[in-house]
Amino acid sequence: MSKAVFFDIDDTLYDTSGFAKLARKAAISVMIDAGLPLSSDEAYKLLREIIKEKGSNYDKHFNVLTKQVFGEEKPLLIALGMITYHNVKFALLRLFPETIPTLIYLKSQGYHLGVISNGITIKQWEKLIRLGLHHFFDEVITSEEVGVEKPDKKIFQQALDRMGCNAENSIMIGNKFSEDILGAIDIGMDAILVNSELSREEKLFLKERNIELEVLPNLQDIKKIL
Ligand SMILES: [Mg+2]
């Protein structure tokens with residue numbers, strides 16, 4: 001039976017959050033220049049509320065924003081916002097410097113590599129391709145394909161099936177305890193938390209169940225344990 005390492009994408013392989021913020025601010029600034037009657041802080045706050053309400057995979061945040069401000073959608077402003085958001089995001093899209101060396105190392109150790117991601121399939125593939133990572137992964141499994149999100153067992157089971165692995169020989173690496181780690185533990189996989197820290201409640205949860213979880217500040221430290 002082959003051994004496999006599965007990765008989350010956002011904020012695990014690359015810095016999503018930092019770039020998304022810059023891209024949103026740039027989009028707002030262009031929209032204000034074109035007539036959106038809000039201050040930069042007001043507009044950013046409103047956009048964040050809309051994203052929180054609709055979810056980050058919803059693709060009409062700027063439509064909702066103009067509707068709320070003007071009482072109707074403003075196509076020019078929406079298009080300006082969307083174009084600026086995407087251009088800035090892709091201009092700044094960068095891997096964590098340790099991502100590729102880590103993936104190469106894991107391959108050299110005989111691991112099959114896969115992705116388990118909550119998101120829209122084509123959007124997640126687009127990120128992997130733009131980041132030059134798609135050749136590393138044997139399987140890319142998204143919540144859109146499976147119909148459920150991490151931490152649901154079903155998405156992990158489908159990933160294991162497609163990879164031809166069992167849970168005991170597989171490891172999940174991600175930055176979200178509630179999605180990546182709980183889901184993996186639930187199905188019997190090992191898990192490693194990266195780019196994140198455990199809260200008090202999470203530490204307690206693990207202690208009560210006698211689970212030893214590796215928490216790494218940096219993806220590169222995986223070399224020390226795998
Ligand atoms: Mg993530």
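I started with N195. The model is predicted, and in it N195 is buried, because 20 other C-beta atoms lie within 10 Å. The cut-off for buried is 20 or more. I then looked up its place: N195 is found in the loop between β5 (190-194) and α10 (200-208). Next I checked the backbone angle. N195 is not a glycine, yet it has a positive phi of about 55 degrees. I noted the background: most residues other than glycine have a negative phi.

I turned to D11. This residue is not a glycine either, and its phi is positive, at about 65 degrees. Where does D11 sit? I found D11 in the loop between β1 (4-7) and α1 (16-33). I counted 18 other C-beta atoms within 10 Å of D11, so I put it down as partly exposed.

Then I checked a peptide bond. Is the bond from K150 to P151 cis or trans? I read it as cis, with omega near 15 degrees. P151 lies in the loop between α7 (143-146) and α8.

My last entry is G164. I located G164 in the loop between α8 (153-163) and β4 (170-174). Is G164 buried or exposed? It counts as exposed, because it has 12 C-beta neighbours inside 10 Å. The exposed class covers counts of 12 or fewer. I also looked up a distance from G164 to K3. They are 161 residues apart along the chain, and their C-alpha atoms are separated by 9.1 Å.

Key: Residues are numbered from 1 along each chain as its sequence is written. This is a predicted model: local features need pLDDT of at least 70, side-chain atom pairs count only at pLDDT 80 or more; totals for chains, interfaces and linings use all residues. Helices (H or I, at least four residues) and strands (E, at least two) are DSSP runs, numbered from the N terminus.
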